[in-house]
Amino acid sequence: MPKPGVFDLGNKAKQDARKETARQNHVDLVSSLSSSKASSQGKHGADEKAQESKNILVSSENGITKITFNRPAKKNAISLQMYFDIMLALKNASTDNSVITVFTGTGDYYSSGNDLKNSINDTGEIPDIAVSAKRLREFVDCFIDFPKPLVAVVNGPAVGIAVTLLGLFDAVYASDRATFHTPFTHLGQISEACSSYTFPKIMGSVKAAEMLLFGKKLTAREAWAQGLVTEVFPESTFETEVWTRLKTYAKLPPNAMRVSKELIRKHEKQKLHSVNAEECATIRERLPIEEYTNALRNFLSRKAKL
Ligand code: COA
């Protein structure tokens, strides 16, 4: 449905109502997923207010909401609870008074991707794939719909979904120590987080195939050359340079940035939602279970490291 003109008040009111219903549905969804957390995380939007859950840290100051993967002993692998915490943090950041939202990691890794123990239980069995695929779809939808500029400060190696999600970010700053690795085939898995669409679009299909099919690990400079990374900084000055720049960006007029982001992304949004839905349906229906189970068992028995 075309967007009404500024002066088309009747249609605009209808569209606003539809938007509000969609927004509310989204809020309800995330709240229902995270109700246990919601009550403990307090009021949204307070600058200088740090929120903390175990493995995800959320803080907001200088116009920047920072969401930190904080599980360094596990290379910031993303557990199930972290999925819920991130969805809640994004929901809060979308309405707080920060201007931009930034993801980064504690320690030497940005994130080693999905916690592989999410996918297999102690007896070596794979839990319900349909549930995982549904959760993945909801998680990725939160990134597709996020209304403010979303920035990744990639402080170290990134693996799996921590890489594929970058195709949905507005800017990606990387330390020259960072690497970008999507070993899906090695794990009997398939592309997610819209990377089957965003990666070929960003870097061309042959470069995307090298990453997504063959699991080629990129250095930060290679990822920059292929358009996945905005800029690479020397490790020694990375934190200072990036955060100084982000603080400057966070002083820009927020509404203009938000509206521009909407314009840049709006033609893609529906496409991204349908790609996300298709990737998740494929995971549910066509994941090569035997290859997947073997790869997970190998990781758990420490036979495999990527
Ligand atoms: N899921 C679950 N646990 C993970 C993990 C992940 N994605 N990444 C790291 N860990 C855990 C390790 O099992 C280890 O746990 P332990 O101390 O209880 O044994 C701990 O984090 C430290 O990792 P370790 O393997 O000892 O560090 P390393 O520097 O030698 O290797 C990696 C780091 C990331 C290369 C290696 O852990 C790895 O290959 N992880 C799997 C990454 C992956 O496949 N992600 C999903 C992609 S789709």
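The legends below describe close-up views of a predicted model. Local features need pLDDT of at least 70 and side-chain atom pairs count only at pLDDT 80 or more, whereas totals for chains, interfaces and linings use all residues. Residues are numbered from 1 along each chain as its sequence is written, and side-chain values use heavy atoms, with hydrogens and water left out.

**View A. Lining of the second largest pocket.** The volume of this pocket is about 1,000 Å³ (an open set of points on a 1 Å grid over the protein atoms alone, with protein on both sides within 12 Å along at least five of seven lines; the volume is the space filled by probe spheres set on the points, which are joined across faces, edges and corners). Of its 44 lining residues (an atom within 4 Å of a point), Ser112, Gly113, Asn114, Asp115 and Leu116 lie nearest the centre. Helix 4 gives the largest share of the lining, five residues.

**View B. The second largest cavity.** A search of the whole structure finds two cavities of 30 Å³ or more (sets of points where a 1.4 Å probe fits but cannot get out).

**View C. Surroundings of asparagine 55.** Asparagine 55 counts as buried because its relative accessibility is 16% (buried means under 20% relative accessible area, with a 1.4 Å probe and protein chains only). Leaving aside residues up to four places away in sequence, asparagine 55 touches Thr68, Phe69, Asn70, Arg71 and Met82 (contact means heavy atoms within 4.5 Å).

Note on methods: Helix = DSSP H or I, 4+ residues; strand = E, 2+ residues; numbered from the N terminus. Buried < 20%, exposed > 50% of the residue type's maximum accessible area, 1.4 Å probe, protein only.
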